[in-house]
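Here is a short briefing for someone meeting this structure for the first time. Please look at the sequence and the model together before reading on.

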Amino acid sequence: HEAMIIRAARFLEVNELGGKNVQWYWNPRQTGTKDEPDLRGIVAERTEVSAEITASENPNGAIDKRMRATLEKLSKMPGKKLYFVRTKQMENRAITKVAKAGYQIGVRRI
């Protein structure tokens with residue numbers, strides 16, 4: 001999980017926040033409150049991006065339920081909302097859940 005957060009920050013710096021002076025805040029141990037994303041990027045004292053990251057490989061059982069709860073939590077956070085996954089299976093499931101719920105959340109596979 002920790003390594004995925006670092007990869008997500010690098011991805012964002014290169015692909016989504018290029019050239020901006022970003023202050024990163026992270027929650028590597030998955031113990032955050034409902035107001036704390038795994039990764040938050042702040043530019044000029046404004047939350048530019050809130051991201052949740054999962055290292056799970058398959059959206060089965062408890063993982064699928066946790067994904068739903070995580071996406072709901074992320075949907076209420078400030079800034080651009082992104083959900084990072086590792087596998088095509090998780091990407092497909094997250095895209096489906098985001099679309100069905102009508103969330104403004106981008107799904108990125110890294």
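A residue counts as buried under 20% relative accessible area, as exposed over 50%, and as partly exposed in between. The model described here is predicted.

**Glu2**
- Glu2 is part of helix 1, which covers residues 2-15.
- Glu2 is partly exposed because its relative accessibility is 27%.
- Leaving aside residues up to four places away in sequence, Glu2 touches Trp26, Pro28 and Arg29.
- Between Glu2 and Trp26 there are 9.1 Å from C-alpha to C-alpha, and the two are 24 residues apart in sequence.

**Nonpolar cores**
- The largest nonpolar core has 15 residues, and Ala8, Leu12, Leu39, Ala51, Ile53, Leu82 and Phe84 are those with the most contacts inside it.
- At least two residues of this core come from each of helix 1, strand 2 (39-43), strand 3 (46-53) and strand 4 (80-85).
- Helix 1 gives the most to this core, with 5 residues.

**Phe84**
- Not counting residues up to four places away in sequence, Phe84 touches Met4, Ala8, Phe11, Leu12, Ala51, Glu52, Ile53, Thr54, Arg108 and Ile110.

**Thr70**
- Thr70 sits in helix 2, residues 62-75.
- The relative accessible area of Thr70 is 15%, so Thr70 is buried.
- Apart from residues up to four places away in sequence, Thr70 touches Glu52 and Tyr83.
- Glu52 is also among the residues that Phe84 touches.

Conventions:
Residues numbered from 1 in each chain as written. Predicted model: local features only at pLDDT ≥ 70, side-chain atom pairs only at ≥ 80, totals over all residues. Heavy atoms only, no water. Helix = DSSP H or I, 4+ residues; strand = E, 2+ residues; numbered from the N terminus. Buried < 20%, exposed > 50% of the residue type's maximum accessible area, 1.4 Å probe, protein only. Contact = heavy atoms within 4.5 Å. Core = buried A, V, L, I, M, F, W, Y, C linked by side-chain atoms within 4.5 Å.
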